[in-house]
Amino acid sequence: GSVVYSRIGKHQNVLQFFESREAEDGKMFLMLELCEQNLAERLKAKGKFTESEAVKVLKQVVAGCLHLLSRGVVHRDIKPENILFQGAVAKLADFGMSDIDGWSSIIGGELDYTVRLKSITNISITSKSDVWSLGLLLYEMIHGTTPWGRQGPWAGNRSTFRERLKAPFEIRRDLSSRTKDFILRCLRFKEGERMGWQEVVSHPLLIDCEACTALNSQPRLDGV
């Protein structure tokens with residue numbers, strides 16, 4: 001954890017790390033920025049967000065992700081529980097699953113959010129898994145649940161996990177075309193058909209996202 005935090009540095013949409021200390025029993029403790037609650041708790045209290053509220057949160061999460069990418073870090077476990085709030089400011093947290101410069105010994109994370117349990121999906125580790133999570137995050141904020149319900153895509157029959165992820169899902173008809181398009185292009189099961197980060201920062205839904213505007217012209221995003 002402290003290794004990732006030291007690589008990341010400071011950003012308003014990433015939980016700040018202050019220092020680490022080792023206890024007498026050998027356990028390591030991290031001193032981190034204090035936040036009020038996470039997105040999962042806000043969703044539980046609120047039920048669902050309006051489209052505009054959800055997009056505001058999404059833009060902040062994207063800004064945090066872009067900062068991580070600029071430092072060679074892929075989060076790999078973006079989900080409501082790992083997005084913390086200080087007032088209206090959203091911050092990415094929990095980097096226990098993170099990948100640094102393409103290396104990580106851990107395969108895991110929340111199944112529906114990361115699509116990354118190799119024994120089930122056989123999908124390689126790339127930054128596009130975070131793009132999947134962005135689409136799912138936006139969907140859940142607006143609908144109050146994932147496309148597969150609260151139990152996830154493996155409910156009932158775990159062997160059909162892949163089929164459930166690839167199956168068409170319902171999306172609210174009253175949403176703007178930009179929001180629908182963003183969700184659908186993120187939640188494409190085949191990684192080659194899913195948006196890359198260059199497409200994410202160029203997407204019309206994020207047209208007024210300052211972080212996207214700043215990084216939109218950087219060619220390095222094409223390869224992540």
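Q: Lys46: buried or exposed, or in between?
A: Lys46 is partly exposed, at 45% relative accessibility. Buried means under 20% relative accessible area, exposed over 50%, and partly exposed in between (1.4 Å probe, protein chains only).

Q: What sort of model is this?
A: This is a predicted model, where local features need pLDDT of at least 70 and side-chain atom pairs count only at pLDDT 80 or more, while totals for chains, interfaces and linings use all residues. Residues are numbered from 1 along each chain as its sequence is written, and side-chain values use heavy atoms, with hydrogens and water left out.

Q: Which side chain meets Lys46 in a salt bridge?
A: That of Glu53, at 3.6 Å, N to O. A salt bridge is a side-chain nitrogen of Lys or Arg within 4 Å of a carboxyl oxygen of Asp or Glu. Glu53 is partly exposed, at 31%.

Q: How many salt bridges does the structure hold?
A: Seven. Among them is Lys79 with Asp77, at 3.9 Å, N to O.

Q: Is Asp77 buried or exposed?
A: Asp77 is buried, at 5% relative accessible area. Lys79 is buried too, at 13%.

Q: Where do Glu199 and Arg185 lie?
A: Glu199 is in helix α9 (residues 197-202) and Arg185 in helix α8 (residues 177-186), so the pair ties together parts 14 residues apart in sequence. Helices are DSSP runs (H or I, at least four residues), numbered from the N terminus.

Technical notes. Helix = DSSP H or I, 4+ residues; strand = E, 2+ residues; numbered from the N terminus.
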